[in-house]
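I opened this entry to log what I looked up, in the order I looked. Short notes only.

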Amino acid sequence: PGHSGVAHLLEHLMFKGTKERPSGEFSRIVARNGGSENAFTSLDFTGYFQTVAADRLGLMMAMEADRMTNLVLDPKEVDTERLVVLEERRQRTDNDPGSILGEHVNAALFLNYPYRQPVIGWEHEIKALSVEQLRNFYQRWYSPGNAILIVAGDITAEQLKPMAERTYGRIPARPDISRQRPTEPPHFASRRIELKSQRVREPSWSRTFLAPSRITAIMGGAGVEHADALEILADVLGGGASGPIYRSLVIEQKLAISAGADYHASGMGPGRFIFYASPRPGVSIAKLENAMETELAKIIETGVSGDDVERAKIRILAEAVYALDSLSTGARIFGSALASGRTIDDVENWPHRIEAVTTEQVNAAARAVIKDRPSVTSLLLSAEEG
């Protein structure tokens, strides 16, 4: 609390200097060796990655091990990078009414869990982060015992292990690190959020329900056993023109220009199940909302069809097969799963679990998350329209 954005700002600073290499040298070495690099910070972890020729892998691991322990936090560079992050926040969030509304939705949805804080951080807290706070965060979390190494490409585990021992293995072990996060209490009240802005050209409506993730149940609500079924439900409802919500609101009733559903379930904390729609010109948000609520009532009362479920399974599994064409996607999938508390078996058995989900389980999951459950409804409106 009070330090939102610290992980993201530190991610930027990890590309600065270490005791062994001056600022910017890491990136220059990657480029000189024909590689590419980047990093990202999500709700649960930060990831750093390079794509290089196999014979350059040892060099990359040595440099990663160096900046994992020997980072130099120069106050001037901290201030410079802080300005970069603040500008990033202005461009991605403050200049986008939809992103601003999204931050307010998360703050309303999560009463106690840290997901209520934006990854990039609140502006006033980014400005207040000190070098000492950044250094304390770095020294606490950055160690091999709290990191996961994923390598995909032309190498075997037998070749890789000695490299890891020569680089990360030389770093002294630290005490076990545990992530002690508060739990999300049961929700009893629905919330409603409205943002009006002259910059809104396309109004939108959404309703977000707290949902179980793959490892975290909802207190007083649905459990993790519904996760696979909810993934199928989201594809049925949000899988384009064939989905019943899109078919009804966009094609048949002609009330919306877009409509569907989405499910976020990959984190360590609670997940989210979201319904959304944008009205056609001349259609009021109130009329669109009434129509969407009618569709939600149908889902609860009659459920989705077996044919829709089977088509969704085919789409989901096909996308998983296509993902294997990318060298980096598999590494990302395993890395994010392991960093979020899941296992290799969980990832590898996922296609079989999807195939085994029944229509009855999908409809049971829908009722568990939607029926009589509190939610956060958000409206993005043009200021001129009121």
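The notes below go from the whole chain down to single residues.

**Whole chain.** I am working with a predicted model. I first looked up the secondary structure: the chain has 16 helices and seven strands. Next came the radius of gyration, which is 23 Å. The globule rule gives 21 Å for 386 residues, so the chain is as compact as a globular protein of that length. I read the span of the C-alpha trace along the principal axes as about 65 × 45 × 40 Å. Buried residues make up 44% of the 386. I also checked contacts with a separation of 6 or more: 77% of them join residues 24 or more positions apart.

**Cores.** Which residues touch the most other members of the largest nonpolar core? I found I232, L237, F273 and F275, in a core of 60 residues. Helix α9, residues 227-238, gives the most to this core, with eight residues. I then noted a second, separate core of 26 residues. L10, L73, L129 and Y168 are among its members.

I went back to F273 and listed its contacts, leaving out residues up to four places away in sequence. Among them are L230, L233, A234 and L237. F273 also touches R207, T208, F209 and A211. A261, D262, Y263 and V369 complete the list.

**Hairpin.** I looked at strands β5 (residues 256-264) and β6 (residues 271-279) together. They pair in the antiparallel sense, over eight bridges. The two strands form a hairpin, and six residues lie between them. For one facing pair I took A259, which stands opposite A277 in β6. A reminder for reading side chains here: in a regular strand they alternate between the two faces of the sheet.

**Helix α4.** This helix covers residues 75-94. Which of its residues are buried? I get V78, E81, R82, V85, L86, E88, R89 and T93. They cover an arc of only 160 degrees around the axis, so they sit on the same side of α4.

What do the buried residues of α4 pack against? My list is α1 (6-13), α5 (97-109), α6 (123-128) and α7 (131-141). I also checked the start of α4. There, a side-chain oxygen of D74 reaches to within 3.0 Å of the backbone nitrogen of K76.

S248 lies in helix α10, residues 244-252. Is S248 buried or exposed? It is buried, because its relative accessible area is 6% and the cut-off for buried is under 20%. Beyond its neighbours within four places in sequence, S248 is in contact with Q253, K254 and E295. K254 is found in the loop between α10 and β5.

**Positive phi.** Most residues other than glycine have a negative phi. I therefore logged two exceptions. K254 has a phi near 55 degrees. D372 has a positive phi of about 55 degrees and is not a glycine. D372 is found in the loop between α16 (359-370) and β7 (375-382). I checked the exposure of D372 as well: it is exposed, with a relative accessible area of 72%.

Terms used:
Residues are numbered from 1 along each chain as its sequence is written. This is a predicted model: local features need pLDDT of at least 70, side-chain atom pairs count only at pLDDT 80 or more; totals for chains, interfaces and linings use all residues. Side-chain values use heavy atoms; hydrogens and water are left out. A nonpolar core is a set of buried Ala, Val, Leu, Ile, Met, Phe, Trp, Tyr and Cys residues joined through side-chain atoms within 4.5 Å. Buried means under 20% relative accessible area, exposed over 50%, partly exposed in between (1.4 Å probe, protein chains only). Helices (H or I, at least four residues) and strands (E, at least two) are DSSP runs, numbered from the N terminus. Contact means heavy atoms within 4.5 Å. Two strands pair if DSSP finds at least two bridges between them. The arc is that of the directions from the helix axis to the C-beta atoms. A polar contact is a pair of N or O atoms within 3.5 Å; within protein, one must be able to donate a hydrogen and the other to accept it, and residues adjacent in sequence count only if both atoms are side-chain atoms. The radius of gyration is taken over C-alpha atoms; the globule rule is 2.2 Å times the number of residues to the power 0.38.
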